[in-house]
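Please open the structure in the viewer and keep the sequence beside it.

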Amino acid sequence: MNKDYYDDSKPDFFKQVFQVAAQIPFGRVTSYGAIAKYLSAAKSSRMVGYAMNASHSLKSTIPAHRVVNRNGLLTGKNHFNTPTEMENKLKSEGVLIINDQIQDFENIFWDPKELDY
DNA sequence: AATGTGACATACC
DNA sequence: TGGTATGCCACAT
């Protein structure tokens, strides 16, 4: 058969991103760069966001709203169904957001490396 | 095969 | 203090 969209059965770089993103604890957030580093591809931070974009086609629910840039800014909110959905979901998880900027970002920041513990 | 693209990150001016 | 420029690399066309 053809590789309909993104087959999560393949060891694509995307899949790795999805795997990590899916493990982000509730009410916590992480950055693209952190995920990239965890995948030994710190220089492919852009791909992380790119992967999130592909998550639209995924059947699995990827908490892309828990992934923000290094500044804790909701740069990708624009890619959601509605620009307000991202911060809306985060707020539902107890994340305080002001002007698309996550408050206390360092406090709720979650590093994928914690998986090793 | 080659070119374009991007939900980042960093450096520089 | 904030915009511009460049690197970076995997995916799309």
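**Before starting**

This is a predicted model, in which local features need pLDDT of at least 70 and side-chain atom pairs count only at pLDDT 80 or more, while totals for chains, interfaces and linings use all residues. Residues are numbered from 1 along each chain as its sequence is written, chains are lettered from A and ligands numbered from 1 in the order in which they are written, and side-chain values use heavy atoms, with hydrogens and water left out.

**Stop 1: the nonpolar core**

Select Val17, Phe18, Ile35, Met52, Leu74, Leu90 and Ile102, the residues with the most contacts inside the largest nonpolar core, which has 32 residues. A nonpolar core is a set of buried Ala, Val, Leu, Ile, Met, Phe, Trp, Tyr and Cys residues joined through side-chain atoms within 4.5 Å. Buried means under 20% relative accessible area, exposed over 50%, and partly exposed in between, with a 1.4 Å probe and protein chains only. In soluble globular proteins, nonpolar side chains tend to be buried together.

Now colour the elements that each supply at least two residues of this core: α1 (13-21), α2 (32-38), α3 (45-54), β2 (67-68), α4 (85-92) and α5 (105-108). The largest share, five residues, comes from α1. Helices (H or I, at least four residues) and strands (E, at least two) are DSSP runs, numbered from the N terminus.

Next, centre the view on Ile35. Leaving aside neighbours within four places in sequence, Ile35 is in contact (heavy atoms within 4.5 Å) with Val17, Val20, Thr30, Val48, Val67 and Pro112.

**Stop 2: helix α4**

Select Glu85, Met86, Glu87 and Leu90, the buried residues of α4. What covers these residues includes β2, β3 (97-98) and β4 (101-102). Just after α4, Gly94 takes a positive phi of about 95 degrees.

**Stop 3: aromatic rings**

How many aromatic pairs does a search of the whole structure find? The search finds three. Rings of Phe, Tyr and Trp (its six-membered ring) pair if their centres lie within 6.5 Å; planes under 30 degrees apart count as stacked, over 60 as edge-to-face and the rest as tilted. Show Phe105 and Phe109: their ring centres are 5.5 Å apart and their planes stand at 70 degrees, so the pair is edge-to-face. Both Phe105 and Phe109 are buried. Then turn to Phe14, Phe18 and Tyr50, which ring pairs link into a cluster.

**Stop 4: DNA strand B**

Select DNA strand B and the 17 residues that surround it, of which Arg46, Met47, Arg70, Thr75 and His79 are the closest. A residue is near a strand if one of its heavy atoms lies within 4 Å of it. By class, this surface has six nonpolar, nine polar and two charged residues; Ala, Val, Leu, Ile, Met, Phe, Trp, Tyr, Cys and Pro count as nonpolar, Asp, Glu, Lys and Arg as charged, and the others, Gly among them, as polar.

- For Arg46, a polar side-chain atom is 2.9 Å from a base nitrogen.
- In Gly49, a backbone N or O atom lies 3.3 Å from a base nitrogen.

The elements that give two or more residues to the surface near DNA strand B are α2 and α3, and the largest share, seven residues, comes from α3.

**Stop 5: Thr30**

Select Thr30, found in strand β1 (residues 30-31). Is Thr30 buried or exposed? With a relative accessible area of 0%, Thr30 is buried. A polar atom of its side chain lies 2.8 Å from the backbone oxygen of Trp110.

**Stop 6: His65**

Move to His65, in the loop between α3 and β2. At 7% relative accessibility, His65 counts as buried. Its side chain and that of Glu93 are joined by a polar contact of 3.0 Å; within protein, such a contact is a pair of N or O atoms within 3.5 Å, one able to donate a hydrogen and the other to accept it, and residues adjacent in sequence count only if both atoms are side-chain atoms.

**Stop 7: Asn99 and Asp100**

Asn99 counts as exposed at 67% relative accessibility, whereas Asp100 counts as buried at 17%.
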